[in-house]
Amino acid sequence: MQQAIAILDSGVGGLTVVKEVMRQLPQEKVIYFGDTARSPYGPRPADEVRTFTKQIVDYLIQFNPKMIVIACNTATAVAIDEIRASVSVPVLGVISPGARAAIKTTRSGVVGVIGTEGTIRSKAYEQALRTISPNIQVYSESCPLLAPFVEKGLFQGDEAFHVVEQSLRPLYGKPIDCLILGCTHYPFLTPVISRVMGPDVTLISSADETAREISTILYHRGMLAASGVTPIHQFFCSGEPELFKRIAQTWLREQISITPVVWQVPNII
């Protein structure tokens with residue numbers, strides 16, 4: 001039985017990582033969990049996010065994954081160390097890969113970061129960036145409207161443009177030359193964000209970079225799936241399965257089945 005890469009997120013955002021894993025590592029099986037019933041995580045207290053993340057990991061462990069990817073910036077910021085201490089498989093987040101990509105990309109040393117309230121409040125990206133390049137200048141902005149907008153399947157058209165424009169207005173005029181999309185929901189909005197920010201600002205997708213790091217870790221550990229394998233992916237969500245399925249199939253451009261999960265824990269949903 002093929003061991004899977006388990007990927008979790010507060011909702012549909014981690015599908016951006018799934019899409020890149022499918023593209024870069026087509027032989028790898030993915031098990032995905034979107035906690036759509038409790039999304040977004042950004043406004044929630046850190047302790048609550050840690051509890052939710054641990055609960056999802058405990059659920060995914062039953063499938064014996066070879067790696068766990070926390071494809072949620074908010075959960076990565078507050079829970080990754082605890083999760084790494086609690087499991088025996090590699091655990092990867094989405095913040096460090098995005099920070100490294102921005103350091104490679106910036107020419108001016110001035111980087112922008114957009115994310116959820118929880119991610120920006122944690123200063124996790126600023127710390128990751130300055131660990132690599134202490135003199136880098138960072139402009140961070142929380143964009144609480146964007147992830148819920150994507151969760152509704154609204155990531156195209158005039159309404160999306162107006163929401164993005166409103167959210168990114170505080171960054172207008174800042175001397176950034178690259179912008180980290182510090183929430184895995186945001187790549188759904190890449191064309192719109194690019195239009196708003198203009199051609200002089202390079203967008204950094206943590207999803208793209210995370211998939212590259214997954215590939216590197218599995219290669220160096222001798223854990224890549226055998227070539228020629230056709231994986232059967234599994235998708236789980238805690239909320240409305242039909243909306244999740246519609247968004248997932250639109251984004252991934254393939255038919256999938258969804259298994260809804262109802263938490264048997266008091267006061268959790």
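This is a predicted model: local features need pLDDT of at least 70, side-chain atom pairs count only at pLDDT 80 or more; totals for chains, interfaces and linings use all residues.
## Enclosed cavities

The model holds three cavities of 30 Å³ or more. The largest cavity has a volume of about 70 Å³. Its lining is made up of 15 residues, and those nearest the centre are Ser10, Cys72, Thr116, Cys183 and His185. Sorted by class, the lining of the largest cavity comprises six nonpolar, eight polar and one charged residues.

Both domain 1 (5–93 + 208–264) and domain 2 (95–206) contribute residues to the lining of this cavity, so the cavity lies between the two domains.

## The annotated active site

An unreviewed UniProt entry carries the annotation "active site" for Cys72 and Cys183.

## Surroundings of the two cysteines

Cysteine 72 is located in the loop that runs between strand 3 (67–70) and helix 3 (73–86). With a relative accessible area of 4%, cysteine 72 is buried, because buried denotes a value under 20%. When residues up to four places away in sequence are not counted, cysteine 72 touches Leu8, Asp9, Ser10, Tyr41, Val94 and Thr184. One of these contacts, Ser10, is also listed among the residues nearest the centre of the largest cavity.

Cysteine 183 occupies the loop between strand 7 (178–182) and helix 9 (190–197). Cysteine 183 has a relative accessible area of 5% and is likewise buried. Apart from neighbours within four places in sequence, cysteine 183 is in contact with Asn73, Ile114, Thr116 and Ala147. Among these, Thr116 is also one of the residues nearest the centre of the largest cavity.

## The largest pocket

The largest pocket contains about 330 Å³ of space. It is lined by 19 residues, of which Thr76, Ala77, Ile80, Ile95 and Ser96 are the closest to its centre. By class, the lining of the largest pocket consists of 10 nonpolar, five polar and four charged residues.

Helix 3, helix 4 (95–105) and helix 6 (124–132) each provide at least two residues of this lining. Helix 3 gives the most, with eight residues. Domain 1 (5–93 + 208–264) and domain 2 (95–206) both supply residues to the lining of the largest pocket, so this pocket lies between them.

Notes:
Residues are numbered from 1 along each chain as its sequence is written. Side-chain values use heavy atoms; hydrogens and water are left out. On a 1 Å grid over the protein atoms alone, a cavity is a set of points where a 1.4 Å probe fits but cannot get out, and a pocket is an open set with protein on both sides within 12 Å along at least five of seven lines; lining residues have an atom within 4 Å of a point. Grid points are joined across faces, edges and corners, and a volume is the space filled by probe spheres set on the points. Ala, Val, Leu, Ile, Met, Phe, Trp, Tyr, Cys and Pro count as nonpolar, Asp, Glu, Lys and Arg as charged, and the others, Gly among them, as polar. Domain bounds come from an automatic or database domain assignment. UniProt positions are given in the numbering used here, feature names are shortened, and annotations may be inferred rather than shown by experiment. Helices (H or I, at least four residues) and strands (E, at least two) are DSSP runs, numbered from the N terminus. Buried means under 20% relative accessible area, exposed over 50%, partly exposed in between (1.4 Å probe, protein chains only). Contact means heavy atoms within 4.5 Å.
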